[in-house]
Each structure stands twice: as C-alpha cells, then as structure tokens.
Amino acid sequence: MKIPDVCKLLKDELLDTGFEYGFFLDGKKYLPDRSKGFDEAFFNLLLTVYRVQDPADTKKMKVGTCNDAVVLMKEILDCNNVNNTIWLLHDLAKDTYHTVLTFRCEDKTVYLELTPQYNKDRYGKEQIFGADAGFIQEFEGRGYEVVDVTEEVVIGDRPDFILSRMHREQTGD
C-alpha cells in the first residue's frame, strides 16, 4: 500500500463522519458540555470512569477520545498489515496530554491526526517524516515529551498510560 491509500482508509472511517469527542460506557454516551468552555465534570469522568473503548463501540456510537480514535486506527492498520505506534504527547508547558498514532509506509513515518476534536491544527492532514526519530524530534522541539505507549493502551482498561504520568506530575514521584 502507498501512503495516500493508507490515509484514505483511516480518513474514510474517521474524517468528517459525524464522530464526536466523548466516550461510550455501559450503554451511555458521555459528551462534554462545550457551552462551559472547559467542562470540569466531564474531565473528572475521564479521570474516574472512562475506559479505553472497543473499536467496534467507537465505530458504532461515533464517539471517542483521542485514545479511542488511535485504537480504532490501530485496528484498521493492523488488519492491513501496516506497522504503527501509539504515542503519548505531553505538552510540558500546558501540562496536557494527547494520544496519537503514527504508521510506517514506504519507508516513512506518517502522522495523521483524526481525533474528533476539529480544532486541532493538523486535523485530517498527514505529516510525513523520514523515520520515527523525525516525528519525535518535531514534537520535542515544540516542548513535548514523546512516549511510545503502544503496549500500555489496553481496550477495556483505564488509561493508566496517561493517569500514572499525571499522578507523578501531581505528587512529584
């Protein structure tokens, strides 16, 4: 497969298909109240009850977080034998976290942002790097810590790959 073909597979599933930012758990959709700006109650649900969704639920319910979007992307790529990595980006200045995915194709590393938060500046646009090191260097140069969390993201589990790092930040451990 060529890079445009792989990007099309992912975009056909996630780009402009009505996905909302939120999560689905125990038969209920949880969405942030955008009229509040930052919805603290929703954020607290992410910290306490949220679990990484099964990709089938993400597709069916058209709702997910960055974690759920990358798990769905990973499933699509794995089914097409495309190597991929899930990364945690920690914006050190803002102390925020974001999960993204890159894939390897045509001896390149490709980052394609498809999290259902349309305000992301790179939403729906692929960035191509010579290797993972180029991707890492790009984000580290912008003040991010970049961590491979591929093996830590477990469907049905709490997002401890994020929560454990947030806890260390808060406690200094």
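Me: How many Å apart are the mean positions of the positive and negative charges of the protein chain?

Reply: In this predicted model, they are 4 Å apart. The chain carries 22 positive and 32 negative charges.

Me: Why is the radius of gyration said to agree with a compact globule?

Reply: The rule is 2.2 Å times the number of residues to the power 0.38. With 173 residues, that gives a value near 16 Å. The protein chain has 16 Å, so the two agree. The C-alpha atoms fill a box of roughly 45 × 40 × 30 Å along the principal axes.

Me: What makes up the secondary structure of the chain?

Reply: Six helices and nine strands. Strand S6, one of them, spans residues 96-105 and holds Thr 102.

Me: Why is Thr 102 called buried?

Reply: Buried means under 20% relative accessible area. Thr 102 has 2%, so Thr 102 is buried. Buried residues make up 45% of the 173 residues in the chain.

Me: What makes the link between the side chains of Thr 102 and Trp 87 a polar contact?

Reply: The cut-off for such a pair of N or O atoms is 3.5 Å. The side chains of Thr 102 and Trp 87 are joined at 2.8 Å, so the distance is within the limit. Leaving aside neighbours within four places in sequence, Thr 102 also has contacts that include Asn 83, Val 110, Tyr 111 and Phe 135.

Me: How do you know whether Glu 113 is buried or exposed?

Reply: Its relative accessible area is 2%. The cut-off for buried is under 20%, so Glu 113 counts as buried. Glu 113 lies in the loop between strand S7 (108-112) and strand S8 (126-129). A polar contact of 2.7 Å joins its side chain to that of Thr 115.

Me: Why is Lys 62 called partly exposed?

Reply: Buried is under 20% and exposed is over 50%, with partly exposed in between. Lys 62 has 27%, so Lys 62 falls in the middle class. Lys 62 sits in the loop between helix H3 (55-61) and strand S4 (63-64).

Me: Why is Asp 107 called exposed?

Reply: The cut-off is over 50%. Asp 107 has 66% relative accessibility, so Asp 107 passes it. Its place is the loop between S6 and S7.

Me: What is the phi of Lys 62, and what is that of Asp 107?

Reply: Lys 62 has a positive phi of about 55° and is not a glycine. Asp 107, also other than glycine, has a positive phi near 60°. Most residues other than glycine have a negative phi.

Terms used:
Residues numbered from 1 in each chain as written. Predicted model: local features only at pLDDT ≥ 70, side-chain atom pairs only at ≥ 80, totals over all residues. Heavy atoms only, no water. Helix = DSSP H or I, 4+ residues; strand = E, 2+ residues; numbered from the N terminus. Buried < 20%, exposed > 50% of the residue type's maximum accessible area, 1.4 Å probe, protein only. Polar contact = N/O pair within 3.5 Å; in protein donor to acceptor, adjacent residues only side chain to side chain. Contact = heavy atoms within 4.5 Å. Lys, Arg positive; Asp, Glu negative; His and termini not counted. Charge placed at Lys NZ, Arg CZ, Asp CG, Glu CD.
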